[in-house]
Amino acid sequence: MAKLDNKKLMVCCANGAGSSLMMKMAVQKVMDKYKIKPADLHHCAVSDGKTAAMNYDVVFCARNFAKTFADAEKKGVTVIPLRNVMSNVEIEKALKERDLLD
């Protein structure tokens, strides 16, 4: 079983409309490549994500929003800040660095 199977993943951008949807699609490409089936892959605005983060296992966001999720990270949520939120290559690399991909 893959480490991210049945895990809850969230992607956040400033407004929860454009960038987060594109980031969600990039994350989904990585999940498909590794045949991972997350329990949930949700996209939203950072303002919503800040309060919801505790309910997720992994949060993806732009680097400039990473500190927003510091409390969630302290409680065990994996926060993955990205330079290019639409890069499935960067997402894959970040997940490998955190030993989340088999």
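Rings of Phe, Tyr and Trp, the last taken as its six-membered ring, pair if their centres lie within 6.5 Å. By this criterion, a search of the whole structure, which is a predicted model, finds zero aromatic pairs. A tyrosine ring does take part in a contact with a charge: lysine 8 lies over the face of tyrosine 56, at 4.9 Å from the ring centre.

The chain contains four helices and four strands, arranged from the N terminus in the order β-α-β-α-β-α-β-α. Its C-alpha trace spans about 30 × 30 × 20 Å along the principal axes. Among contacts with a separation of 6 or more, 59% are made by residues 24 or more positions apart.

Helix α1 comprises 16 residues, 18-33, and reaches 23 Å from its first C-alpha to its last, close to the 22 Å expected. Its buried residues are Ser20, Met23, Ala26, Val27, Val30 and Met31. Viewed down the axis of α1, these residues fall within an arc of 145 degrees, so they line one face of the helix. The cover over the buried residues of α1 includes the strands β1 (8-13), β2 (40-45), β3 (58-62) and β4 (78-82), together with helix α4 (88-97). The face of α1 turned away from the buried side carries the exposed residues Lys29 and Lys33. After α1 comes lysine 35, which has a positive phi, near 55 degrees.

How values were computed: Residues are numbered from 1 along each chain as its sequence is written. This is a predicted model: local features need pLDDT of at least 70, side-chain atom pairs count only at pLDDT 80 or more; totals for chains, interfaces and linings use all residues. Side-chain values use heavy atoms; hydrogens and water are left out. Rings of Phe, Tyr and Trp (its six-membered ring) pair if their centres lie within 6.5 Å; planes under 30 degrees apart count as stacked, over 60 as edge-to-face and the rest as tilted. A charge sits over a ring if NZ of Lys or CZ of Arg is within 6 Å of the ring centre and within 35 degrees of the ring normal. Helices (H or I, at least four residues) and strands (E, at least two) are DSSP runs, numbered from the N terminus. The expected span of a helix is 1.5 Å times one less than its number of residues. Buried means under 20% relative accessible area, exposed over 50%, partly exposed in between (1.4 Å probe, protein chains only). The arc is that of the directions from the helix axis to the C-beta atoms. Contact means heavy atoms within 4.5 Å.
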